[in-house]
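Subject: Structure handover

Hello,

Here is the structure for you to look through. My notes on what was found in it follow below.

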Amino acid sequence: MTPAEGALRVDFVTGAVAHRLRFGGGRGQDLAKAMGLRAGKTPKIVDATAGLGRDSFLLASLGAEVTMIERSDVMHGLLQDGMARARQEGGVFGEILSRMTLLHGDAKVLLPDLDAEAILIDPMHPPRKNSALVKRELRQVREIVGTDEDCEALMQVALRHARQRVVLKWPAKAAPMPGIKPCSHQILGKSTRYDVFMCSIGCEGPAV
């Protein structure tokens, strides 16, 4: 049975994800650079806010072992379905999926027990004033997961437990997340920036 037209679906095999896999630019992409993927360096990554799993899939396609955490029952189910279909596809998709692990739960609870060298946090932001500018898919995700009002608390947990770095995926023109220490550096894109916090275990510091 085909999914209802317009229904939200996690798809790693076709569409934008497959195009990014073929033509995205490898480790030269902003996300890969932010997460510390470079020649001879492939950190173990935890994606603490998995969502549609696209960033995790990209990082796994570049050789990283990625643990995804999703607390929404509905989104977790969509991810399970998308991962199962990608595994059935086999080939390069099966190889990539072998490096992806999905956990169901609250990242604030799970992170302390995971051996994460690098942690990615991509909070769901409140809707922009002009909601017409927001893609339908993003609106659908927001309807499922809401907005991550506890993202500051999640950042604090991540900063305490990452062994190398925490990366906050954030709107390019947004002010820094309140209550968090200044980042080490930023990687800027057209609509998105990556605030990178370099650290060793226990890197949380006082907010400035």
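A residue is called buried under 20% relative accessible area and exposed over 50%, and partly exposed in between. R20 has 28% relative accessibility, so R20 counts as partly exposed. Please keep in mind that this is a predicted model.

**The sheet**

The strands form an open sheet of 7, with mixed pairing. Their order is β3-β2-β1-β4-β5-β7-β6. Which strands sit at the edges? They are β3 (100–104) and β6 (185–188), and each pairs on one side only. Neighbouring strands of the sheet are turned by 20° against each other on average, direction ignored.

Look at β1 and β4 next. Strand β1 (residues 45–47) and strand β4 (residues 118–121) run parallel, joined by 3 bridges. Opposite I45 stands A118 in β4.

Helix α3 (residues 54–61) lies across β1, β2 (66–70), β3, β4 and β5 (165–171). Against β2, helix α3 runs at about 170°.

**The annotated site**

An unreviewed UniProt entry carries the annotation "binding site". The annotation covers R54, D55, E70, R71 and D122.

R54 is placed in helix α3. With 31% relative accessibility, R54 counts as partly exposed.

D122 lies in the loop between β4 and α7 (136–145). D122 is also partly exposed, at 25% relative accessibility. What does D122 touch, not counting residues up to four places away in sequence? The contacts are T49, D55 and K169.

**Salt bridges**

Side chains of opposite charge can pair when their charged atoms come close. The count here is 13 salt bridges. Three are worth a look on screen.

Start with D55 and R20. Their side chains meet in a salt bridge at 3.5 Å, N to O. This pair links distant parts of the chain: D55 is in helix α3 and R20 is in helix α1 (residues 15–23), 35 residues apart. D55 is buried, because its relative accessible area is 9%, whereas R20 is partly exposed at 28%.

D55 has another partner. The side chains of K169 and D55 meet in a salt bridge at 2.8 Å, N to O. K169 lies in strand β5 and D55 in helix α3, so this pair ties together parts that are 114 residues apart in sequence. K169 counts as buried, at 16% relative accessibility.

Then there is D150 with K108. Their side chains meet in a salt bridge at 2.6 Å, N to O. D150 lies in the loop between α7 and α8 (151–161), and K108 lies in helix α6 (residues 107–110), so the pair ties together parts that are 42 residues apart in sequence. D150 counts as partly exposed at 22% relative accessibility. K108 counts as partly exposed at 24%.

Which residues join into one network? Salt bridges that share partners join R20, D55, D122 and K169.

**Cysteines**

How many disulfides are there? The count is 0. C151 is buried, with a relative accessible area of 15%. C183 is partly exposed, with a relative accessible area of 24%.

Best wishes

Key. Residues numbered from 1 in each chain as written. Predicted model: local features only at pLDDT ≥ 70, side-chain atom pairs only at ≥ 80, totals over all residues. Heavy atoms only, no water. Pairing = 2+ DSSP bridges. Helix = DSSP H or I, 4+ residues; strand = E, 2+ residues; numbered from the N terminus. Axes fitted to C-alpha atoms, helices over the stretch in contact; angles between N-to-C directions. Contact = heavy atoms within 4.5 Å. Disulfide = S-S within 2.5 Å. Buried < 20%, exposed > 50% of the residue type's maximum accessible area, 1.4 Å probe, protein only. UniProt positions renumbered as here; feature names shortened; annotations may be inferred. Salt bridge = Lys/Arg side-chain N within 4 Å of Asp/Glu carboxyl O.
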